[in-house]
Amino acid sequence: MRIASIAPLLLWTLAVAQVSAPPGLASGPGTQPGAADSCSGCPAAAGCLTCAAPPAAATARLLDISAADVPNDVGGAVELAWTMSEEGVPADSVQVLRSAAGAEPEEAGWILPAAGSWADEGLRDGVEYTYTLVPWAGGVAGAPAGSASVVPAASWFHMGRLGMFILLTILTLVILAYIERAKRGHKLYVREIAGISAVDDAVGRATEMGRPILYIPGIMDMDDIQTIASMVILGRVASKTAEYGANLLVPNTRSVVMSVAQEVVKEAYLAAGRPDAYRRENINYLTDDQFGYAAGVDGIMVRQRPAAIFLLGTFYAESLILAETGKSVGAIQIAGTAMVSQLPFFIAACDYTLIGEELFAASAYLSHEPKLLGSLKGQDAAKLVIMILILLGVAAATLGTAWPPAAKAADFLRLLTHVD
Amino acid sequence: MRLFVPLFMTFICGMIIILQFFVPHRPFSTLGERLTDWYMIVASAAIFLGAVNLLQVHSARIRFRQKNWQYSPVVIGGFLVMMAAGFGWGVADGKPFDWMFQTMVVPMGATMFSLLAFFVASAAFRAFRSSNWRATLLLVSAFIVMLGRVPIGDVIWRLIPGAAASSHPNLVNEIAEWIMQVPNMAGQRAVMIGASLGVVATSLRMIFGIERSYLGGSD
C-alpha cells in the first residue's frame, strides 16, 4: 500500500532527474518500451519517460547576444548578455565557448539560460575575445546561437564616482582658498565651540586639584580617522599639561595607538620645554578587548579620581559605561565623537560634547594658527555648498513631480551625489 | 629632514589612497590594498609592543610598591597563564585557552556590558530631569518611542474607544516610527554630513602638511 502510494512520486522524481541532469550526464532518452504508441507526438523536450522519443535539441533561440567590457574595473573582465525567445524547445543550459584572437574556441563555462548575463574574468587586456553561445537541452547540443566579440580593458577613471570627484575637488579648492586667504593675513571669524574652549579650564582645574587628567582616545586603531583626529588633539592637550605641569594618563586599547600616543605626548613635552615631566609609563596599553578596556579605564577612574576626562575618538557600547563612571567621580568631562549612536550618551553624561565635525575642528581651533583656522572656514564654506545642493535637490525633486525639466535637474543632482 | 620625511610619507600614502578610490587601473588599484596589508602587518607586530608595555608597567608597580600595586600580580598572572595556554595547547575549541576565554573572559565582558542598562537608566534620569523645554521635548519623544517599540503601547492605544477600528490601530508604533525615521534621521544625517566634511578637511590638512601637531610642532 505504502509502495503503491509513493510510486508516482518516485516516477516523478526520476523524470525530473532525467530532465534536469546536466549536459554530459544526461544519458539519452528515457525508456519505457511498449508505451510509445500512447505517447505519439510527445512534446517533451528532453526525452520522454513514457515514450521512446529521443531528446530534442534546443531550438529556442538566444537573442540579442552582446559582449561588453566591464566598466570601471581593474581590467580583464567582460560581461555577456542575452535574451531568450519563448518559441521552440527551451534550452536547459548554455555552453559558452571563448576564442582569443582567432585561436581555437575553448569552453569558458556553463550557465543557465534564464540568467540573462554572465561575467568572464581573468582575461588579458587588449586581446579580442569572441564568445559563442551553444544552447543545450537534455544533453543534446543545439545550433550555436550566435557570437559576440569584445576587447577587455582597464579603466583609468571610475565614472560612477565622477560626482564625488567633482564635489571633492570643489571642497578641496574652497578649503585651500581659505587657507591661502588666512596666510595673507585676512581676519577669519570662527564661532566659539564651548567644548574646545573648556580644554584650558579642564587642564587648569586638574592642576589646581593636584589630580591627573585622563585622556581616552577611543577603542579603534590608527586606521580610523577619528583616532587620528584624537591623536592630533592629544598633542594640543599634552602641550597644555606640560605647560601647567599636570599629570596626563592615556590608557590605550591598541598597541599602535599607544606607540603613536607616546610619541605625540613626548614631542609635545619636548616642544613645551618640559621633557623631564614626560612619563612614558602613563601612556600605557590595557587590552584589545572592548569591555576589558572599559573595565580597566573604569578602574583607573575610581582609583585615581582624575579631575578632567577627555573622551575623544571612536566609541561604541562602552561610551556610556566610561562617561557615567567619570561623572560619578566628579570629573569635568569633554567628549567628542562622530559616532551618531553614541552622541546622545555623551551629551547626557558629559559636561561638553564635540558633535561630529567639531571633533575634527578641535585641533585647528586649539592651535589658533591662521592656516588651520582657514581650513575650518573652508570647511564651513563647503558645508554651505552642500546645504545649497540639498535645498536645490529637494526643490527639484518636489517640482519634478509636475514639471519634467525639474525632474531632470533632480536626476542630475542625484547623479552628482551618487557614489558607486 | 626630521619633519620632511614623515610629511612626505604622509603625502604619498594619502594621495595613493585617494587615487586608488578614483582610478581602478593598475598600479593604483593594488597599491591601496598593499598599503592596507602593510598596516595590518605593522599592527600585528605592534601587539608585541603592547604586551611588553603591559609587563613593564605592572612589573614596575610591583617593584616600587606603587599605590594599588596588589592588582598588578593578577594582571601579569592572567596574561602569562593565557599566553602559556595559547602557546602550549593552541587556541582551538576545547583547548585550555579556549576554555578560559569562554568561561572567564566572555562572562566578564558580558558583565561589563550588562552594566550599561543601569548606566542608561541613570543617564536618562539626569537628561530628563532638567527643567527646560528641550529636556521636556526629549522626555516626551523618548517616552513615545519606548512605548511604540513594545506591544503594550498599541494595546493601550486600542483601549481608547474607537481606536482599534480606526484607520490607525497601531498609532503609537506609527508615531514612534515617524520620530525615528524623520526628525531623528534628519539629525543623524546632518551630523554625518558635517563629520564627513570634517574628515575631508582633516585629511587634507594632514596630507598637505598643514596640520603638524602630531609631529610635535606647528612650524
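Which domains does the domain assignment of chain A give, and what are their residue bounds?

Modeller: Please keep in mind throughout that this is a predicted model, for which the predictor gives the complex an ipTM of 0.88 and a pTM of 0.79. The domain assignment of chain A gives domain 1 as residues 2-38, domain 2 as residues 62-150 and domain 3 as residues 188-368, and the C-alpha centres of domain 2 and domain 3 of chain A lie 59 Å apart.

Among the contacts in chain A with a separation of 6 or more, 68% are made by residues 24 or more positions apart.

In general, nonpolar side chains tend to be buried together in soluble globular proteins. The largest nonpolar core here has 99 residues, and the members that touch the most others are A:Y215, A:L234, A:A261, A:V265, A:A308 and A:L311. Helix 4 of chain A, residues 225-244, gives the most to this core, with 10 residues. If residues up to four places away in sequence are left aside, A:Y215 touches A:L234, A:V237, A:L248, A:L249, A:V250 and A:F310. Apart from this core lies another, of 17 residues, among them A:A67, A:V94, A:L133 and A:V150.

A detail of the backbone deserves attention as well, given that most residues other than glycine have a negative phi, and most peptide bonds are trans. A:N72, although it is not a glycine, has a positive phi of about 55°, and its place is the loop between strand 1 (62-69) and strand 2 (77-84) of chain A. A:N72 counts as partly exposed because it has 15 C-beta neighbours inside 10 Å, which falls between the 12 or fewer of an exposed residue and the 20 or more of a buried one.

From chain A we can turn to its partner, where 55 residues of chain B are in contact with 68 residues of chain A. On the side of chain B that touches chain A, at least two residues each are supplied by helix 1, helix 2, helix 4 (96-129) and helix 7 (171-207) of chain B, and helix 7 of chain B has the largest share, with 15 residues. By type, the residues of that side divide into 35 nonpolar, 16 polar and 4 charged.

Chain B has backbone details of its own. In the loop between helix 1 (4-22) and helix 2 (28-63) of chain B lies B:P27, which is joined to B:R26 by a cis peptide bond with an omega of about 10°. B:N68, in the loop between helix 2 and helix 3 of chain B, has a positive phi of about 60° without being a glycine, and with 11 C-beta neighbours inside 10 Å it counts as exposed.

As for confidence, chain B averages a pLDDT of 89, with 97% of the residues scoring at least 70; in that chain, confidence is highest in helix 3, at a mean of 94, and lowest in helix 5 (residues 133-148), at 88.

How values were computed. Residues are numbered from 1 along each chain as its sequence is written. Chains are lettered from A and ligands numbered from 1 in the order in which they are written. This is a predicted model: local features need pLDDT of at least 70, side-chain atom pairs count only at pLDDT 80 or more; totals for chains, interfaces and linings use all residues. Helices (H or I, at least four residues) and strands (E, at least two) are DSSP runs, numbered from the N terminus. Two residues are in contact if their C-beta atoms, placed from the backbone, lie within 7 Å. pLDDT is the predictor's confidence in each residue, from 0 to 100. Domain bounds come from an automatic or database domain assignment. Ala, Val, Leu, Ile, Met, Phe, Trp, Tyr, Cys and Pro count as nonpolar, Asp, Glu, Lys and Arg as charged, and the others, Gly among them, as polar. A nonpolar core is a set of buried Ala, Val, Leu, Ile, Met, Phe, Trp, Tyr and Cys residues joined through C-beta atoms within 7 Å.
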